[in-house]
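Good morning, and thank you for coming. I shall present one model today, and I ask that you keep the sequence and the structure in view as I speak.

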Protein chains: 2
Amino acid sequence: MAATSDRPRLLTGDRPTGRLHLGHLVGSLRERVALQDSHACFNIVADLHTLTTRPRAKEIRELPQLVRDMVLDLLSVGVDPERTVIYLQSGVPAVYDLAILLQMLMPANRLEQLESVRDMAEAAAIGRDKPAPMSLGLLAYPVLQAADILMARAELVPVGGDNLAHVDIARELAARFNELYGELFVLPQARASRVPSLPGVGAAEDRGRKMSKSIGNAIWLVDDASEVQRKVGSLEDEGLVAFVDAFVADEDPRAELIEAARTGKVGAPAIREAICSAIEAELRPIRARRAELADERGRVEEILVDGTISAREVAYDTLQRVRELMGLEALWEGLVAATEARAEARKAPY
Amino acid sequence: MAATSDRPRLLTGDRPTGRLHLGHLVGSLRERVALQDSHACFNIVADLHTLTTRPRAKEIRELPQLVRDMVLDLLSVGVDPERTVIYLQSGVPAVYDLAILLQMLMPANRLEQLESVRDMAEAAAIGRDKPAPMSLGLLAYPVLQAADILMARAELVPVGGDNLAHVDIARELAARFNELYGELFVLPQARASRVPSLPGVGAAEDRGRKMSKSIGNAIWLVDDASEVQRKVGSLEDEGLVAFVDAFVADEDPRAELIEAARTGKVGAPAIREAICSAIEAELRPIRARRAELADERGRVEEILVDGTISAREVAYDTLQRVRELMGLEALWEGLVAATEARAEARKAPY
């Protein structure tokens, strides 16, 4: 199992707020799959993070389906449970402890200045009758994310552009912990994908924005060939260039096609066809794997449960070391030792 | 044990940052002892809360002694482990979980406006070469305190004046939780002591401030009679009146003596003598109990360990109900059930 290997560790993952799409594929999933050869990988299904903006009971009731769909998507693209610990964040109690302890080491104003947190608050307000004020949980989101990264003692964190700032927070917390209590954490490094994101598809205003679950301007991993074709049909100019850049695999034809698209040497229909054919080549085996896995009753759930149990061990081990270095373990052990000595003394002959 | 009785529950406690003093006695400890007859009591030794302002390793290394001294003080004044669960906050893992979940329900700006949090940040900066910026942990302090109160499902929270605002936070979180997920928490009520605090003793500038551990302008519970006399000797005018009000037990002589002090009918030396005699009557049995307990090796530690184990059960039970009402338990149980069904299916004959 990945967790017990000697390879450098990596953590990545997503909030289970909807199906994965091509933006995820190019921005993160491909890398996640490739890095399984060199790293011990952790893939978090970050359900607690959804509570920062979606804490309502009816939103939580959607989680079982969203979580299952997400793991199915991950397995379909090639995340391999033999090499990657796929786990449910809320099922790993030691992470809550670690997050509370790390909160002591992070200046509040550092978080208030983070654009990503503000953006999430804004996005969460969309479509609400009454936008909620930013919760403490949302402000503390990057520290909980740092707890995820540091509990796994991950050295590498493949991220989309949004989360670069959060890996900085994890680095700062790791450095601060090491400085205050002694060396424990390797400072995690962010790693951005060659193609961090895709433009959206659909109506003009949606194409102007990044492909996103919450906007819905996406080509989903579950879309079939005709749906992909229809959506690629909405792309124009720079959108086409971005898709060529993301999906034409070989560097030379890719550069040529981008040049041809920009100069008008090859027309949009031919470029769309090249894009569709490249996407289809990538999605076909993913679709086949998904169908196979979805058929096998309980397989997805078993992988997630087993992964969560593995993650618990890793997290508990890290928490123990954290408590030891901080001195909290000595405090508790001292109390227990005195109590045991008293129990021993009771046994002494009168 | 208190935790399992049907009485309404009560939670109170202190940060183990130093010995307890007469301000604690009149502001909280007397009430804590008296309410043991009517309530199932929880007394938290809030070591995690010390990390909000004292996170350094050398500060944490002082905790074992500070924690032992605090429990010894509590037992000496009459907090009774048969009726009060005395427990160590950091030894109750479910509280961290609960705090993280409650953070999702608390607007960050509500906390930023709290005077108490600002005051703690200022107090923490005193005597430091470089005052630290306010940590997220300090900002989140009232939510962690709410988690303590709500994990015990306490209905009553005896507090000094400083903490009234924090019980409001716990009430708001309880109400918000009940509204979002279903009725679980009784809204906790704060209860202030008749005498919430005492003026300090010693030099003029210390007498002008509230008696406080951090300033050191205190008469400690461990002070002997001559030390008490020396410190009471520093009191004048309104200080004397406040001490008469706090320590002369019967209402009628108290009112008379206050009147006499204000009109100058009785001189300061006679009033000081009355105060010293009242304090000595209260401290003498406390001193005797402390000496007895301190002598019994491991007794204090055993009480704290047993109390912490009791608190763990209560906290875990509350956390389970919280997770059930939120829907997080259904998420996990669903995964486990599907996994078990798969394991069952494996056993079927081919």
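What share of the contacts in chain A with a separation of 6 or more comes from residues 24 or more positions apart? The share is 78%, where two residues are in contact if their C-beta atoms, placed from the backbone, lie within 7 Å.

Let me state the conventions. Residues are numbered from 1 along each chain as its sequence is written, while chains are lettered from A and ligands numbered from 1 in the order in which they are written. This is a predicted model, in which local features need pLDDT of at least 70, side-chain atom pairs count only at pLDDT 80 or more, and totals for chains, interfaces and linings use all residues.

I turn to confidence. pLDDT is the predictor's confidence in each residue, from 0 to 100. Chain A has an average of 92, and 96% of the residues score at least 70. Within chain A, the lowest confidence belongs to helix α7 (residues 115-125), with a mean of 80, and the highest to strand β3 (residues 84-88), at 98. For the model, ipTM is 0.92 and pTM is also 0.92.

Next, the chain itself. Chain A contains 17 helices and five strands; helices (H or I, at least four residues) and strands (E, at least two) are DSSP runs, numbered from the N terminus. The C-alpha trace of chain A spans about 100 × 45 × 40 Å along its principal axes. Of its 350 residues, 47% count as buried. A residue is buried if 20 or more other C-beta atoms lie within 10 Å of its own, exposed if 12 or fewer, and partly exposed in between, with C-beta atoms placed from the backbone.

Leaving aside neighbours within four places in sequence, A:Val71 is in contact with A:Val45, A:Ile86, A:Val300, A:Ile303 and A:Leu304.

After α16(A) comes A:Gly327, with a positive phi near 105°.

Two residues other than glycine also have positive phi. A:Arg153, with phi near 45°, is in the loop between α9 (141-151) and β4 (156-159) of chain A. A:Asp237, with phi near 40°, belongs to helix α13 (residues 237-247) of chain A. Are these residues buried or exposed? A:Arg153 counts as buried because it has 21 C-beta neighbours inside 10 Å, whereas A:Asp237, with 11, counts as exposed.

A:Tyr141 lies in helix α9 of chain A and is buried, with 28 other C-beta atoms within 10 Å. Not counting residues up to four places away in sequence, A:Tyr141 touches A:His49, A:Thr52 and A:Val117.

Finally, how are the two chains arranged? In general, two copies of a chain are related by a rotation about an axis and a shift along it. Here a rotation of 180° with 0.0 Å of shift along its axis superposes chain A on chain B, with an RMSD of 0.0 Å. That is the relation of a two-fold axis. In chain A, the C-alpha nearest the axis belongs to A:Tyr96, at 2.8 Å from it. The superposition is by least squares on the C-alpha atoms of residues with pLDDT of at least 70 in both copies.

The contact takes 56 residues from chain A and 56 residues from chain B. Helix α17 (residues 328-347) of chain A gives the most to the side of chain A that touches chain B, namely 11 residues. That side divides into 36 nonpolar, 11 polar and nine charged residues; Ala, Val, Leu, Ile, Met, Phe, Trp, Tyr, Cys and Pro count as nonpolar, Asp, Glu, Lys and Arg as charged, and the others, Gly among them, as polar. Because 100% of the interface residues of chain A are also interface residues in chain B, the copies meet through the same surface.
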